[in-house]
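Thanks, everyone. I have one structure for you today. Let me put it on the screen.

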Amino acid sequence: MSTLIPTVTHAIELTNRLSELCDKATHDELRMIMGELKFQLAELRMGLSESFQETEMLKLRLARLEEQAGQICPRCSENSYRLESSERDKIFSEIGGCLRTFRCGSCGFSEQAVHIPGLG
Ligand SMILES: [Zn+2]
């Protein structure tokens with residue numbers, strides 16, 4: 001979409017050149033049409049610029065949502081590797097940290113890891 005903005009800008013430049021030529025002529029109707037065309041192209045450029053900004057914002061939002069969906073599975077590389085459960089160590093309780101179980105929603109791969117708060 002951003003590639004359209006230079007095209008529209010060029011069209012406006014051409015319209016300005018034609019408008020200069022029209023100033024030398026005496027055709028009122030031609031001047032009126034050129035003025036309207038300039039206005040329409042300016043509106044189009046503003047609309048494209050706003051759409052481009054909105055698209056960039058939506059891309060960022062989509063990237064954040066994809067990050068939240070899950071982690072990359074070490075087996076199948078899908079973005080569906082999630083924390084399934086977390087249990088405190090049965091013997092050492094808080095000192096022993098938590099045993100976390102991760103499972104992939106795509107291929108079913110499962111892995112456990114000890115998590116000790118404050119160590120990451
Ligand atoms: Zn997987």
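How many helices and strands are there in the protein chain? Two helices and three strands. Keep in mind that this is a predicted model. Along the sequence, the order runs α-α-β-β-β.

Now the overall shape. The radius of gyration of the protein chain is 30 Å. The globule rule gives 14 Å for 120 residues, and 30 Å is well over that, so the chain is more spread out than a compact globule. Along the principal axes, the C-alpha atoms fill roughly 95 × 30 × 15 Å.

Next, burial. Of the 120 residues in the protein chain, buried ones make up 2%.

On to contacts. Take those between residues at least 6 apart in sequence. Of these, 41% join residues at least 24 apart.

Then the domains. Domain 1 covers 4–69, and domain 2 covers 70–120. What separates their centres? The distance between the centres of domain 1 and domain 2 is 52 Å, taken over C-alpha atoms.

Where is serine 77 found? It sits in the loop between helix H2 (28–69) and strand S1 (81–89). Its backbone deserves a look. Most residues other than glycine have a negative phi. Serine 77 is not a glycine, yet its phi is positive, about 70°.

Is serine 77 buried or exposed? Exposed. The count is 12 C-beta neighbours inside 10 Å, and the cut-off for exposed is 12 or fewer, so serine 77 counts as exposed.

That's the tour. Over to you for discussion.

Terms used: Residues numbered from 1 in each chain as written. Predicted model: local features only at pLDDT ≥ 70, side-chain atom pairs only at ≥ 80, totals over all residues. Helix = DSSP H or I, 4+ residues; strand = E, 2+ residues; numbered from the N terminus. Rg over C-alpha atoms; globule rule 2.2 N^0.38 Å. Buried ≥ 20, exposed ≤ 12 C-beta atoms within 10 Å, placed from the backbone. Contact = placed C-beta atoms within 7 Å. Domains from an automatic or database assignment.
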